[in-house]
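I am opening a notebook on a structure that is new to me. I want to go through it element by element and write down what I look up as I go.

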Amino acid sequence: MPWLSLFHPSSFRGRLTLWFGGLSLAMLLGVGLYLGQLATRELADAGGQTLQISARSAADLLATNLREREKEIHRMRELALLQQGPLGAPQLRGLLEQRQRDNNEYAWIGVTDSQGLVLQSTGGLLVGQQVAQRPWFQAARTAPFIGDVHEAVLLSRLLAPDAASKEPLRFIDFAVPLLDGQGRLRGVLGAHAHWNWVTRTVESVVTQGAAQRQVQVLIADRAGAILYPFQLMNTARLPQAANPAAAYEVLRWEDGADYLTSMVEVRAQTSSELGWRVILRQPLETALEPVYTLRRQLLLFGLLTALVFTFIAYRFAARISRPIEQLARAVRQIELRGATPAYPAPAQIREIDQLNRSIQSMTGSLLGHEHELESLNASLEQQVRERTEALSLANQELERLATIDALTGLNNRRRFDSKLLESQQLLKRSGRGFGLILLDADHFKQINDNHGHQAGDEVLRQLGRLLGQCTRITDFVARYGGEEFVVLLPDLHNEAEGLAAAEKIRQAVADASFPVVGHITVSMGLSCSRITDAAATEVLERADKALYTAKQLGRNRVVTL
């Protein structure tokens with residue numbers, strides 16, 4: 001089926017289709033992603049600004065209420081009964097309860113003497129009890145005081161709990177000192193405001209629509225601990241903001257979720273700044289849900305559009321690639337020597353038509369030259385065989401030259417090392433020993449200095465010939481280096497046999513006459529292999545030491561070790 005070519009991207013038709021379809025899909029997805037990112041930024045900014053406005057409104061409203069409560073306490077202090085009358089007067093209780101009825105935010109209002117004894121209070125609660133250790137009393141002895149939220153300590157058993165709430169009673173303390181005409185402390189006026197008054201104030205800024213968008217209101221203290229809601233007090237903390245001055249940020253909270261977060265500090269401008277912060281947060285997924293919906297729609301639209309473009313590209317590619325595919329089949333038939341190739345009809349595309357004519361012309365030329373190539377191939381194969389044989393002979397000569405000393409024609413140091421290792425291995429396997437003679441031309445430096453290096457080279461060449469004449473055909477003779485030579489004596493039965501061979505060489509050299517130089521002598525060190533030798537180099541080291549000893553003893557002699 002034609003559509004199967006889409007699954008063979010190696011074909012021209014398949015590649016062209018995939019390129020058109022892929023490019024259209026990439027373009028549409030790119031535009032979709034760009035629009036999605038743009039919408040994400042715009043929506044996040046709009047949502048963040050909305051949260052910031054609400055948080056600012058809540059913080060300002062709470063600050064205003066805190067200032068109003070503080071002013072009320074100050075106005076109560078100005079009452080004549082609290083300024084001059086007895087603080088335990090019965091009518092004072094009625095005055096305090098009237099104030100409590102007028103402002104139901106207060107859970108308790110009371111008056112103490114200068115020592116912290118409660119003299120009068122709303123409902124008569126705590127009258128006669130000592131509150132000298134309470135922070136609000138201690139602070140208000142010298143200045144007006146607003147205390148942070150805390151659980152009820154003394155009043156928890158006296159006040160009826162809120163049946164609709166499972167939270168413990170929590171209060172905010174307001175207190176001012178009561179002074180006489182001379183400025184001396186008469187007592188302290190204190191009030192405990194319900195904490196839910198604060199939470200209702202803050203929650204009032206959250207509309208029903210905001211609640212549906214899962215916008216949550218929180219209150220945190222100066223240290224970042226959550227004060228409200230109660231469920232998060234011990235399970236979450238305010239995360240560190242990257243830019244505290246920003247209107248909003250995306251922050252990761254301790255539950256591992258990302259929230260669009262806006263926080264505003266409550267600046268009440270009262271006698272005591274509590275450092276509270278109002279926080280509005282919304283789950284990021286909820287805030288960006290319209291963007292996700294838009295992205296899904298754009299993705300679906302992009303896929304459908306890409307399918308349409310792919311179909312159009314396939315039809316276009318099929319029209320272009322059909323004559324090319326026919327040409328490919330014709331060339332394949334030529335390659336396989338099959339039936340007469342079927343060329344496509346003249347195409348409407350000029351380049352393809354030109355390619356068709358060129359292939360037909362080239363096919364004729366190729367068949368004509370094929371026989372010539374076969375003849376040339378046979379000739380080349382013959383030349384290759386001849387060159388291979390010549391190369392083999394050359395390699396053999398190179399291998400020989402690599403093991404022969406160029407000056408003396410003897411084996412070189414490399415070949416000797418290999419032979420020494422073979423003799424050592426043979427000793428280990430079969431116990432067949434060998435001997436090693438290391439000899440050195442005496443006073444050779446003087447020969448070079450007095451007669452020149454050419455005369456020295458001739459001495460070395462003649463010395464090499466003498467060694468070949470004085471040794472057995474099975475012995476191995478090599479130039480060791482400079483004026484040193486080495487003779488390896490295989491199958492040596494004892495040291496005496498080696499000494500005899502060495503002495504024969506020494507005497508032959510001493511009796512020989514060398515051109516230009518005359519007579520020379522050699523010093524020789526002999527060493528026989530031992531079954532205890534761990535390496536072949538040990539017998540060589542002994543021969544070298546023996547040679548050194550022979551030179552010290554006056555030269556022209558054989559020393560064995």
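**Entry 1: the overall picture.** I take helices (H or I, at least four residues) and strands (E, at least two) as DSSP runs, numbered from the N terminus. Counted in this way, the protein has 14 helices and 16 strands. I note that this is a predicted model, in which local features need pLDDT of at least 70 and side-chain atom pairs count only at pLDDT 80 or more, while totals for chains, interfaces and linings use all residues. Residues are numbered from 1 along each chain as its sequence is written, and side-chain values use heavy atoms, with hydrogens and water left out.

I call a residue buried under 20% relative accessible area, exposed over 50% and partly exposed in between (1.4 Å probe, protein chains only). Of the 561 residues in the protein, 41% are buried. With a contact meaning heavy atoms within 4.5 Å, I find that residues 24 or more positions apart account for 61% of the contacts with a separation of 6 or more.

**Entry 2: strand E1 and its partners.** I looked up strand E1 (residues 106-113) and found that 8 of its 8 residues are buried, so the strand is largely enclosed by the rest of the structure. Two strands pair if DSSP finds at least two bridges between them. E1 runs antiparallel to strand E6 (residues 185-194), to which 7 bridges join it, and there glycine 110 has glycine 190 as its bridge partner. E1 is also joined to strand E2 (residues 118-121), again antiparallel, by 3 bridges, with valine 111 opposite glutamine 120. The hairpin of E1 and E2 has 4 residues between the strands, and in it glycine 116 takes a positive phi near 95 degrees.

**Entry 3: an arginine in strand E5.** Is arginine 170 buried or exposed? It lies in strand E5 (residues 170-179), and I record it as buried because its relative accessible area is 5%. Leaving out residues up to four places away in sequence, I see that arginine 170 touches, among others, Glu151, His194, Trp195 and Phe230.

**Entry 4: helix H13.** Helix H13 (residues 495-511) has 17 residues and reaches 24 Å from its first C-alpha to its last, close to the 24 Å expected, where the expected span is 1.5 Å times one less than the number of residues. At its start, a side-chain oxygen of asparagine 494 comes within 3.2 Å of the backbone nitrogen of alanine 496. The buried residues of H13 are Gly498, Ala502, Ile505, Arg506, Ala508 and Val509. Seen down the axis, these buried residues fall within an arc of 165 degrees, so they line one face of H13; the arc is that of the directions from the helix axis to the C-beta atoms.

**Entry 5: helix H14.** Helix H14 (residues 537-552) has 16 residues, which should span 22 Å at 1.5 Å a residue, and its end C-alpha atoms are 23 Å apart, which agrees. In H14, I find Val539, Leu540, Arg542, Ala543, Ala546, Leu547 and Ala550 buried. Those residues fall within an arc of 160 degrees seen down the axis, so they line one face of H14, whereas Lys545, Tyr548 and Gln552 on the other side are exposed. The buried residues of H14 pack against several elements, including helix H10 (413-430), strand E13 (476-481) and E15. Glycine 554, which follows H14, has a positive phi near 120 degrees.

**Entry 6: strand E15.** In E15, 7 of the 7 residues are buried, so the strand is largely enclosed by the rest of the structure. Val522, Met524, Leu526 and Cys528 lie on one side, with Ser523, Gly525 and Ser527 on the other. E12 and E15 run antiparallel and are joined by 7 bridges, leucine 436 having serine 527 as its bridge partner. With E16, E15 pairs in the parallel sense over 3 bridges, and there glycine 525 is partnered by valine 559.

**Entry 7: cysteines.** How many disulfides are there? Taking a disulfide as a pair of cysteine sulfur atoms within 2.5 Å, I count 0. Cysteine 470 is buried, with a relative accessible area of 13%, and cysteine 528 is buried too, at 14%.

Methods. Polar contact = N/O pair within 3.5 Å; in protein donor to acceptor, adjacent residues only side chain to side chain.
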